[in-house]
Amino acid sequence: MRLVFAGTQSVGKTTLIDDLAATWPAARVEEEPIRAVARATGEPPPAVPTVEAERRIIDHGLARLRAAGDRELVLFDRSPLDAYAHAVLSMEIGGPITPADLQSLRPAVIEAMTIADLVILVPIESRVDDEADGFRYLDAANRRRVDHILAELLRPEAGLRSGPVAVVRGDRATRVARMVRLVGDLS
């Protein structure tokens, strides 16, 4: 089962994934694509997303989703959807991404969202503090905007995801309990 966690920066995705990995020791965790790509290329992500940078992240995430076995439980810390949301934000704030660029990224994002068994949106919560991790580039307003973009992209009418989507809110224990129930219901 491929569980994809989406959300803007500092909402607790990685913490939730770590908690779930402790709950499900057989689960495999796929790190954030932005980290994997930065390590592979030796280049930090650009300050403002470019289509080339987001395409590398999307392609990496899609390849990892394709490679995940049907019989294993894999927790994906972000996915191509997150990179696409950052590309949308870049376009909105005058970055180097155009509507044509977004259109060119869309098929890979749709494929990734088709492969995922469940997409979990972790929205901004007032009770979750920001943590510096070396990859943050968004201010509070743009974090809220990415949070909103992700929620919009996961709506059925956006045409990116037709399978199940869950929104996980609350403290750590509540989030973990909700995920355990969700996965139990899907199994």
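How many bridges join strand S1 to strand S4, and in which sense do the two strands run? In this predicted model, four bridges link S1 to S4 (residues 118-121), and the two strands run parallel. Within this pairing, Val4 stands opposite Val119 of S4. S1 is likewise joined to S3 by four bridges, again with the strands running parallel. On that side, the residue of S3 standing opposite Val4 is Phe76.

These pairings belong to an open sheet of five strands, arranged in the order S2-S3-S1-S4-S5 with parallel pairing. The edges of the sheet are formed by strand S2 (28-30) and strand S5 (165-167), each of which pairs on one side only. From one strand to the next, the twist averages 20°. Leu121 has Val167 of S5 as its bridge partner.

The burial of strand S1 was examined next. S1 (residues 2-6) is mostly covered, with five of its five residues buried. The side chains of the strand are divided between two directions: Arg2, Val4 and Ala6 point one way, whereas Leu3 and Phe5 point the other way, and all are buried. Val4, which is one of these buried residues, is also the residue placed opposite Phe76 in S3 and opposite Val119 in S4.

Several helices accompany the sheet. Helix H1 (residues 13-23) lies across S1, S2 and S3, and its direction makes an angle of about 165° with S3. In helix H2 (residues 33-41), the buried residues are Pro33, Ile34, Ala36, Val37 and Ala38. These buried residues of H2 pack against helix H3 (51-67) and against strand S3 (74-77). Just after H2, Gly42 adopts a positive phi of about 75°.

Helix H3 also packs with helix H5 (residues 99-115), at an angle of about 20° and with the two axes 9 Å apart. Because this angle falls under 35 degrees, H3 is roughly parallel to H5. The crossing of the two helices is left-handed. On the H3 side, the contact is made by Val51, Glu54, Arg55, Ile58, Leu62, Leu65 and Arg66. The H5 side contributes Asp101, Ser104, Leu105, Ala108, Val109, Glu111, Ala112 and Ile115. Taken together, the residues of the contact of H3 with H5 comprise nine nonpolar, one polar and five charged.

When residues up to four places away in sequence are not counted, Val88 touches Leu102 and Ile149. Val88 and Ala53 are separated by 35 residues in sequence, and their C-alpha atoms lie 13 Å apart in space.

How values were computed:
Residues are numbered from 1 along each chain as its sequence is written. This is a predicted model: local features need pLDDT of at least 70, side-chain atom pairs count only at pLDDT 80 or more; totals for chains, interfaces and linings use all residues. Side-chain values use heavy atoms; hydrogens and water are left out. Buried means under 20% relative accessible area, exposed over 50%, partly exposed in between (1.4 Å probe, protein chains only). Contact means heavy atoms within 4.5 Å. Axes are lines fitted to C-alpha atoms, for helices over the stretch in contact, and angles run from 0 to 180 degrees between N-to-C directions. Angles under 35 degrees count as roughly parallel, over 145 as roughly antiparallel, 65 to 115 as roughly perpendicular and the rest as oblique. A crossing is left-handed if the near helix is turned anticlockwise from the far one by less than a right angle, and right-handed if clockwise. Ala, Val, Leu, Ile, Met, Phe, Trp, Tyr, Cys and Pro count as nonpolar, Asp, Glu, Lys and Arg as charged, and the others, Gly among them, as polar. Two strands pair if DSSP finds at least two bridges between them.
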